2 protein chains.
Amino acid sequence: MSKPLILVTNDDGFYAPGIEALTEVAKKFGQVIKIAPDKPQSGMGHAITINSTLRIQKMHESEEFSAYQCTGTPVDCVKIALDVVLDRKPDLIISGINHGSNASINVIYSGTMSAALEGYIEGVPSIGFSLLDHSIEADFTAAKHFAEKVIKQALAHEGKNYCLNVNIPRLNHTLIKGIKVCRQAHAKWQEEFDKRQDPSGQDYYWLTGHFVPFEDHQEDTDLWALENGYVSIVPVSYDLTHFKVLEEITSWNL
Amino acid sequence: MSKPLILVTNDDGFYAPGIEALTEVAKKFGQVIKIAPDKPQSGMGHAITINSTLRIQKMHESEEFSAYQCTGTPVDCVKIALDVVLDRKPDLIISGINHGSNASINVIYSGTMSAALEGYIEGVPSIGFSLLDHSIEADFTAAKHFAEKVIKQALAHEGKNYCLNVNIPRLNHTLIKGIKVCRQAHAKWQEEFDKRQDPSGQDYYWLTGHFVPFEDHQEDTDLWALENGYVSIVPVSYDLTHFKVLEEITSWNL
């Protein structure tokens, strides 16, 4: 039987330490193809490039490991990998390791998680990994340890399709209590735009904000798991139908 | 009682005929603020601008109607409207009318629907409208008729929070049979990248593709409704948790 084929991508860009760490882990399991954006693409959500063109550049090629840069978004990377670069469907797509949390509502804005979700839509089991540390010098030791554990289980359960959102707390890995499968905690970012003036006196704005939970941290949520020293795994869906609201508005006079 | 305050945005850009049509409808119901991207932003999904700055420009101001252009994405428009431009929370956010379908999996890639979803996350009832006609010269008569109907019902049910994905078939409005509340049909886009060479002989790619349904069109889906002459309404959620997969992977050895 041939080795598993694993596609690795991210949103922090080709040279981010996080994807370097994830690629190292992936190489323990099979043949690895890395295709990542040629520049940081954080906060790109599920954006795709439809009004301009894409280019890819081969950066490395060997039997066990090839690497490409792509000029597009994280979702573009997955699309062009599956249609143009790969000669067979990968066994697994992994995205990250993101520098910073993608727990709770962050999943919606995250290029890392949108790349994983795109893999799932395409019928490939996909996992996004994020470490709760924005620093470029973040310590990925614990994240690598748990990424290996999750990837091992994913490859052991072939034939299933899913998208997992894995977040790793910023703790020494000996202090992490284990892994919890959770639901997405309900929360939002409260904007506080920072208004400034350019040298010609014109206003411009920087997006800033703070995190606002909508509920006390329930034990079944990702935020609870992370705050209590666990790695969180939230399975993600591309069916956005809100069935409860669906029932409610059937009584509207439409 | 003061008139409803309605925020109008889109992803096709400030000057698109679709937002002109939606603004006309909105003016029948209350005070309208239009804040739209200064350039087309189709396919931007839930992208936000975090690594660069935003500007807004006032284009029109009167008691009943103000209009602004924003340099950001559709989601940026909603964020900056709520934090910077508006002095009170709007009663309703409407997005569109999009030139082209946002039914089924398109909801994930759509800037129009991501703007509406952002409004919902912010606690404001939000509705995205899309007409199944990409043309810049599309006839919005039917779309306006049904948008008015849906907005009237939305304002009559104040105090609820939701996000609705409304798609209008490309039919004369006398031929449209009515409105159906539906679930999102499961489908994907199958990529077919179009490979070309630039004048220096370097490869580049255009994203193209065709639509692939994952299921026969069930009567409870948006695709069925649209193909059978109905306007479709799918309520959308920002909780992406896939509860069925959640149950399945609790048996993994994690």
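## Contacts and overall form of chain A

Two residues are in contact here if their C-beta atoms, placed from the backbone, lie within 7 Å. By that criterion, among the contacts in chain A that link residues at least 6 apart in sequence, 76% join residues at least 24 apart. The structure is a predicted model, and the description that follows should be read with this in mind.

Chain A contains seven helices and 13 strands. Its radius of gyration is 19 Å, close to the 18 Å that the globule rule gives for 254 residues, so chain A is as compact as a globular protein of that length. Taken along the principal axes, the C-alpha atoms of chain A fill a box of roughly 55 × 50 × 50 Å, and 52% of the 254 residues of the chain count as buried.

## The sheet of chain B

In chain B, nine strands form an open sheet with mixed pairing, and their order is S3-S4-S2-S1-S5-S6-S7-S13-S8. Strand S3 (56-61) and strand S8 (178-181) of chain B stand at the edges, where each has a single partner strand, so one side of each is left without a neighbour in the sheet. From one strand to the next, the twist averages 20 degrees.

Within this sheet, strand S1 (residues 5-9) and strand S5 (residues 92-99) of chain B pair in the parallel sense over four bridges, and B:Leu7 stands opposite B:Ile93 in S5(B). Helix H1 (residues 17-27) of chain B packs on the sheet, where it touches S1, strand S2 (31-37), strand S4 (65-70), S5 and strand S6 (126-131) of chain B, and its direction makes about 145 degrees with that of S5(B). Helix H2 (residues 74-85) of chain B also packs on the sheet, touching S1, S2, S3, S4 and S5 of chain B, with a direction that makes about 135 degrees with that of S2(B).

## The interface between the chains

Between the two chains, 60 residues of chain A are in contact with 60 residues of chain B. Helix H2 (residues 74-85) of chain A gives the most to the side of chain A that touches chain B, contributing five residues. Sorted by class, that side of chain A has 33 nonpolar, 17 polar and ten charged residues.

## Symmetry of the pair

Chain A is superposed on chain B by a rotation of 180 degrees with 0.0 Å of shift along its axis, at an RMSD of 0.0 Å; that is the relation of a two-fold axis. Because 100% of the interface residues of chain A are also interface residues in chain B, the copies meet through the same surface.

Terms used: Residues numbered from 1 in each chain as written. Chains lettered and ligands numbered in written order. Predicted model: local features only at pLDDT ≥ 70, side-chain atom pairs only at ≥ 80, totals over all residues. Helix = DSSP H or I, 4+ residues; strand = E, 2+ residues; numbered from the N terminus. Nonpolar A, V, L, I, M, F, W, Y, C, P; charged D, E, K, R; others polar. Pairing = 2+ DSSP bridges. Axes fitted to C-alpha atoms, helices over the stretch in contact; angles between N-to-C directions. Least-squares fit on C-alpha atoms with pLDDT ≥ 70 in both. Rg over C-alpha atoms; globule rule 2.2 N^0.38 Å. Buried ≥ 20, exposed ≤ 12 C-beta atoms within 10 Å, placed from the backbone.
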